[in-house]
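I opened this entry to look up the sheets, the helices packed on them and the core between.

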Amino acid sequence: MPVDVLYETSAVATGGRDGTAKTKDGALELTLATPKELGGAGGEGNNPEQLFAAGYAACFIGAMKFVASQQSGVTLPADVNVESTVGIGPRSEGGFGLEIALAVTVPGMDKAKAEELVAAAHEVCPYSNATRNNIDVKLSVTV
């Protein structure tokens with residue numbers, strides 16, 4: 001199904017997991033390093049899983065804000081946070097796969113309402129939509 005694109009960005013990676021990545025507009029430039037757990041040297045630099053985790057966490061809060069704005073009387077606390085954990089490993093079918101867990105903390109909100117909000121955000125978040133039916137995303141909610 002087509003997307004009515006409202007924003008677009010581009011990034012270029014060179015050298016793979018032990019190279020560099022930067023956005024074409026120059027707003028972001030990173031040194032990449034393969035973690036020791038994946039056979040790399042580790043050390044200075046980021047890896048794709050860290051970038052995915054950070055992006056998913058931030059985007060999910062944006063989805064929560066959108067959902068809250070559509071519901072009368074629902075205010076999302078300013079200190080809401082999402083801890084996104086992204087794991088990578090070999091798949092039994094071959095190749096590699098990801099597993100994702102989102103631990104959402106919504107201080108001061110009724111637990112049932114927070115769970116409802118998180119479930120609705122999971123339906124509209126672009127990262128959730130991109131992973132749906134491909135990666136099992138585990139959601140947990142703390143108030």
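I looked up the contacts of Ser84 (heavy atoms within 4.5 Å) and found that, leaving aside residues up to four places away in sequence, Ser84 touches Ala53, Tyr56, Ala57, Ile100, Ala101 and Leu102. The model is predicted, so local features need pLDDT of at least 70 and side-chain atom pairs count only at pLDDT 80 or more, while totals for chains, interfaces and linings use all residues. Residues are numbered from 1 along each chain as its sequence is written, and side-chain values use heavy atoms, with hydrogens and water left out.

Ser84 is buried, at a relative accessible area of 14%, where buried means under 20%, exposed over 50% and partly exposed in between, with a 1.4 Å probe and protein chains only. A polar atom of the Ser84 side chain lies 3.4 Å from the backbone oxygen of Ala53.

Next I traced the sheet that holds S4. It is open, with three strands in the order S4-S5-S6 and mixed pairing (two strands pair if DSSP finds at least two bridges between them). S4 and S6 are its edge strands, each pairing on one side only. S5 and S6 run parallel and are joined by six bridges, and Ala103 has Ser140 in S6 as its bridge partner.

I then checked the helices. H1 lies across S4, S5 and S6 and runs at about 145° to S4, whereas H2 lies across S5 and S6, at about 150° to S6; axes are lines fitted to C-alpha atoms, for helices over the stretch in contact, and angles run from 0 to 180 degrees between N-to-C directions.

Which residues touch the most other members of the largest nonpolar core? Of its 27 residues, they are Phe60, Met64, Val82 and Val106; such a core is a set of buried Ala, Val, Leu, Ile, Met, Phe, Trp, Tyr and Cys residues joined through side-chain atoms within 4.5 Å. H1 gives the most to this core, with nine residues. For Val82 I noted contacts that include Phe60, Ile61 and Met64, not counting residues up to four places away in sequence.

Last, I looked at the other sheet, which is open and antiparallel, with three strands in the order S1-S2-S3. S1 and S3 are the edge strands. Four bridges pair S1 with S2 in the antiparallel sense, and Thr14 stands opposite Thr20 in S2.

Note on methods
Helix = DSSP H or I, 4+ residues; strand = E, 2+ residues; numbered from the N terminus. Polar contact = N/O pair within 3.5 Å; in protein donor to acceptor, adjacent residues only side chain to side chain.
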